[in-house]
Amino acid sequence: MIHDLLLSCLTKTGLGIQSFMDNNAIEHFIHPCERQLYIEILNIINVLQEVVQFTVLLRLDEDERCKRLIMNENHNVEELPHGFYFINFAKGIEAALEEYYDNIIQLETFCSKNKPNSLAFVHDALQEKLPIFLFLRKLICEIRMQKLHGCTMLHSLHQHSEHGDFQLERITNIVMKPVKFAFFSSLAHWLIFGVIDDVHSEFFIKFSPLDESSNNTSCSKSSANNTRLNAAANCEDYIWQYEINMCQLPGFLSTIVAEKVLFVGQTILVFKMGRSFQRNNKNEHWANNLSDSTPNDIYELWNGKESLFFGMVEDLNNDEKIDVFHIESVINEIKKYVSMRLSEIALNEVDLERQMGLIKDFYLLGRGEFYLEFLSQLTRASDVYCDSSSKNYTRSFELAATVMGITDDLENFSLSVQKTIGELDENSEFRILENLHLKYIYKWPLNLLFSPKAIERYNQIFRFLLIIRKLQYDLQQVWKTQILAAKLMSGPTNMKMMNLLNQLMFFLNNLQYYIQVDVLESQFSILINVIRKKADFEEIQRKHTVFLANVLSQCFLLSGSKDSQMNSTRTTCQSQNPIYGIILELFYICEQFSCISAKESTSDGFLKELDNLEERFGVQIASLVQLLLNIKTASCLGPLSQLLLRLDFNHWFSSTHNIS
């Protein structure tokens, strides 16, 4: 009887245990004095059975698993977990039970020598293992109840490893070892090869296709092959579709470390794409080129050290516990090496300093003479074709480059209108300007520096500066027309109109000088100095992000709303930045002034409109100066103080409008 009981305890499928518990042996073979011991033994075996059946179900294939669950009324098919981490979790539980099976075999061998033994002998042996069975069952129930999987399950096991009971702590480490292997294997493949094979969304780096970013369920089906098939057609956006999966970020890793891991993997993808494009036909689909990439494509980055770094990541699994400091040390070392190599290639191969110079020239209007010619060509095109067309802007941009002889510098830039003219106000050229988009075709590995978000921020600054320059150009044309008319007709000049014109020009000129000199030049010089010092790419990337943030902030373009695009037709600006709203209203006044200047300057309607614009300008400029004075009093912002000094030089506006 004892021998049969021990053999039932040895089955790893749970079926033998179940059959033994279903028989009526307790009625015929167990002495009344040992029945309570027998029941307690069966209770221990019942706990073991729950643990064993869980591991058996996870190790089966999908069809067999469903059959087992349908036959078992105590389980729900929908609650069945999936994933590579779960399979390794089952392997860990089986490894933790191996010691128990060895002890049962020794006990069975001892009892088979025909020596008289009681159930108390078996009971004591199983009772010693009961805390382990209960602890394993607790782990399983907790993971299933909280629906943990992937890295979150590893984090839960890591928390349980800090246990006061040394025996249970040892068991936790045994269970956690295969799960750690899955985690560090995924980490190594992402860090070294830029590859993620994550069908069940278990890793803390995920692929989110742009067209499915709003659908969270799509992320769980991404893998190394699916990501290439589901990616957007634009390869420049491909690496930015990888992001941190915060739902799977384990608690022992900070978001800073996770961002470093993401950066290294994206860098690998940049190198793989760059080299495959150079090797293959550029007309071929980029995803096919990426899938055909070879280890030689990333050899230049690792310089033969990929096996060393891969081994460093895999060795993290050899630690008895998860050593957070060791993990961060390895990631920092890989990140530092990748940043250094990337910086060397960016500075030597693509001449990053020159590329930033081109960004300044065309996005930040550094070449004022070119944009003056562009506006001149645009005016001629509008006069010839008598309409506002997106082709006029593209054609004028190209003609200006030809006239100025800078077509080589502009080979990587192209101008377009994002929305069709039918969707815009044809009577407001301002509305067309705010929908211009200057595209920059950058060379790898600058993909990591000029992300789609960064390019959009550059375009936001570009549109803002171009609108200022266009309004200046229009007002200059008004001044030119008035002066020529006064000379040709030998008549008196409308001093009221010229006075308002001078005020508008004063505002625009000083605003432009503030942005170009006090903001752009100072911030750009800081960024260029970092590049010239040959800092690592991480430092360059950080300074570039700070540069864009400072420029947007000091140009009043930062807003809490997602739609930060300018709109001059609104009488009430919805922007959360009050300075920005006032500046938009002043832009609208400048545009209206340019439009009414074509009317007869002596007509009553013209004079009435002129008075209205002058009154509105006075109100808005007074509000702007007062707001800048309040901000200056509340804080010590150098750039805003410069803007206030330039706009209200010698307190001209403040004294005129009685601002204190």
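These legends describe several close-up views of one predicted model.

Residues are numbered from 1 along each chain as its sequence is written, and side-chain values use heavy atoms, with hydrogens and water left out. Because the model is predicted, local features need pLDDT of at least 70 and side-chain atom pairs count only at pLDDT 80 or more, while totals for chains, interfaces and linings use all residues.

View 1. Helices (H or I, at least four residues) and strands (E, at least two) are DSSP runs, numbered from the N terminus. Of the 660 residues of the chain, 50% count as buried. Buried means under 20% relative accessible area and exposed means over 50%, with partly exposed in between (1.4 Å probe, protein chains only). A contact means heavy atoms within 4.5 Å. Among contacts between residues at least 6 apart in sequence, 73% join residues at least 24 apart.

**View 2. Helix 6 has a kink centred on L97.** Helix 6 covers residues 84-111, which is 28 residues. From first C-alpha to last, helix 6 reaches 40 Å, close to the 40 Å expected at 1.5 Å a residue. The expected span is 1.5 Å times one less than the number of residues. The kink is about 30°. The bend at a residue is the angle between axes fitted to the seven residues ending there and the seven starting there.

**View 3. F89 is one of the residues with the most contacts inside the largest nonpolar core.** A nonpolar core is a set of buried Ala, Val, Leu, Ile, Met, Phe, Trp, Tyr and Cys residues joined through side-chain atoms within 4.5 Å. The largest one has 193 residues, and F183, F204 and F587 are also among those with the most contacts inside it. Helix 23 (residues 495-532) gives the most to this core, with 18 residues. Leaving aside neighbours within four places in sequence, F89 is in contact with F54, L139, I140, I143, M153, L157, V175 and V179.

**View 4. W190 and Y242 form one of the 33 aromatic pairs in the structure.** Rings of Phe, Tyr and Trp (its six-membered ring) pair if their centres lie within 6.5 Å; planes under 30 degrees apart count as stacked, over 60 as edge-to-face and the rest as tilted. The ring centres of W190 and Y242 are 5.1 Å apart and their planes are at 40°, so this pair is tilted. The pair links distant parts of the chain, with W190 in helix 10 (residues 166-193) and Y242 in strand 2 (residues 242-244), 52 residues apart. W190 is buried because its relative accessible area is 0%, and Y242 is buried at 5%. Q266, in helix 13 (residues 255-279), touches both W190 and Y242, and also I239, W240 and L448, not counting residues up to four places away in sequence. Q266 has 5% relative accessibility, so Q266 counts as buried.

**View 5. Strand 3 and strand 4 run antiparallel.** Five bridges join strand 3 (residues 413-417) to strand 4 (residues 436-440). Two strands pair if DSSP finds at least two bridges between them. The bridge partner of F413 in strand 4 is Y440. Both F413 and Y440 belong to one aromatic cluster, which also includes F370 and Y371.

**View 6. Helix 18 is mostly covered.** Helix 18 spans residues 352-362, and eight of its 11 residues are buried. Among the buried ones are Q355, K360 and D361, along with L352 and F362.

**View 7. Q503 is a buried residue in helix 23.** The relative accessible area of Q503 is 12%, which is why Q503 counts as buried. Apart from residues up to four places away in sequence, Q503 touches E614, F617, W652 and F653.

**View 8. H158 lies in helix 9 (residues 151-161).** H158 has 13% relative accessibility and so counts as buried. With neighbours within four places in sequence left aside, H158 is in contact with M176, F252 and I322. The C-alpha atoms of H158 and N173 are separated by 8.3 Å, and the two residues are 15 apart along the chain.
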